[in-house]
Amino acid sequence: MKHAYIFPGQGAQFTGMGKDLYENNAQAKELFEKANEILGFRITDIMFEGSADELKQTKVTQPAVFLHSVILAHVLGAKPDAVAGHSLGEFSALVVAGALSFEDGLRLVSKRALAMQAACESQPGTMAAILGLDDETVENVCAETEGVVVAANYNCPGQLVISGALDAVNAACEKLKAAGARRALVLPVGGAFHSPLMEPARKELAEAIAAAPFNTPACPIYQNVDAKPQTDPAVIRENLIAQLTAPVRWTQIAKNMLADGVEKFTELGPGTVLQGLVKKVDANADVESKATL
């Protein structure tokens, strides 16, 4: 049976995430402490006891979600036949598949978080969830709207997130409601992720990704940018660099994994978002979520 492991992105975090792993498993505790050392602050204190606001800071959220997913996979001894991750989750997937070391993965995630935070501060933007319209209608409305606004996350059929400059996203939301969207909801996010406004962050991260050692993964990784199974480190690297300004093609990833014979999906880390999205792509899919041992 082909078993895929999938990894959540920013937004899945919650106070107390990973605490039981830290307290009940010596291997997990060691990895969490190593992470505190690499990051230069005790992220475990914020993960286990911090407020929602503290946990919501991009520089904390991204490493926190990554650590929860990767350490859980490590302790479970996950041996996937395929992996994928939503946005930030792609880094978790790469570490679990052996394409990146734990240390290099964490350093890249931390770098990514800081670069994205800086890009958000220099060019304010936002994102909005559009429900109940087909992808093409949403893409066309974005293309016709003045300013920067693009399709950013293809989450499942009938659910697409758009991203861009504040005015452009708000204008597109009004047009999409008029076009028949069931909801057009501006999200409480810090910036315009997966849009051209992330270009400064993409440039900064490109240098770090280019310098990091990548290995051939033990199984294919279905990447956000093209939704195809990749094993070539050079291609993986290029796709990872492109990821910050390109859309997340999650609908296509789930469809491709199913078409390629994946029979079971396990979501590792905080939340159950991806479990729900895969079920919306195929109601009969065998999907579970694990946040602890």
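Where does His-194 lie? His-194 sits in the loop between β6 and α10 (199-211).

First, the ground rules. This is a predicted model, in which local features need pLDDT of at least 70 and side-chain atom pairs count only at pLDDT 80 or more, while totals for chains, interfaces and linings use all residues. Residues are numbered from 1 along each chain as its sequence is written, and side-chain values use heavy atoms, with hydrogens and water left out. Helices (H or I, at least four residues) and strands (E, at least two) are DSSP runs, numbered from the N terminus.

Now the sheet. Four strands form an open sheet in the order β4-β5-β3-β6, and the pairing is antiparallel. Two strands pair if DSSP finds at least two bridges between them. The edge strands are β4 (149-156) and β6 (183-186), each of which pairs on one side only. On average, neighbouring strands of this sheet are turned by 25 degrees against each other, direction ignored. Axes here are lines fitted to C-alpha atoms, for helices over the stretch in contact, and angles run from 0 to 180 degrees between N-to-C directions.

Going through the pairs, β4 is joined to β5 (residues 159-165) by six bridges. Val-150 has Ser-163 of β5 as its bridge partner. β3 and β5 pair over seven bridges, again antiparallel, and Gly-125 has Ala-165 in β5 as its partner. β3 and β6 pair over four bridges, also antiparallel; there, the partner of Ile-130 is Ala-184 in β6.

How many residues of β3 are buried? Seven of the seven are, so the strand is largely enclosed by the rest of the structure. Buried means under 20% relative accessible area, exposed means over 50%, and partly exposed is in between (1.4 Å probe, protein chains only). In a regular strand the side chains alternate between the two faces of the sheet. In β3, Gly-125, Met-127, Ala-129 and Leu-131 point one way, and Thr-126, Ala-128 and Ile-130 point the other way.

Helix α9 (residues 166-178) lies across β3 (125-131), β4, β5 and β6, and runs at about 145 degrees to β5.

Gln-159 is buried, at 19% relative accessible area. Leaving out residues up to four places away in sequence, Gln-159 touches Ile-130, Leu-131, Asn-153, Tyr-154, Leu-277 and Lys-280, where contact means heavy atoms within 4.5 Å.

Next, the pocket. The largest pocket has a volume of about 930 Å³. The definition is a 1 Å grid over the protein atoms alone, where a pocket is an open set of points with protein on both sides within 12 Å along at least five of seven lines, a 1.4 Å probe being used, and lining residues have an atom within 4 Å of a point. Grid points are joined across faces, edges and corners, and the volume is the space filled by probe spheres set on the points. Of the 37 lining residues, the closest to the centre are Gln-10, Gly-11, Asn-153, Leu-187 and Val-189. Elements giving two or more residues to the lining include α5 (58-76), α7 (102-122) and α13 (273-281). α7 gives the most, with five residues.

On to helix α6 (residues 89-96). Eight of its eight residues are buried, among them Glu-90 and Phe-91. α6 is followed by Gly-98, with a positive phi near 85 degrees.

That brings up backbone angles. Most residues other than glycine have a negative phi, and most peptide bonds are trans. Ser-87 is not a glycine but has a positive phi of about 60 degrees. Ser-87 is in the loop between β2 (82-85) and α6, and is buried at 12% relative accessibility. Back to His-194: its phi is positive too, about 55 degrees, and His-194 is buried at 3%.
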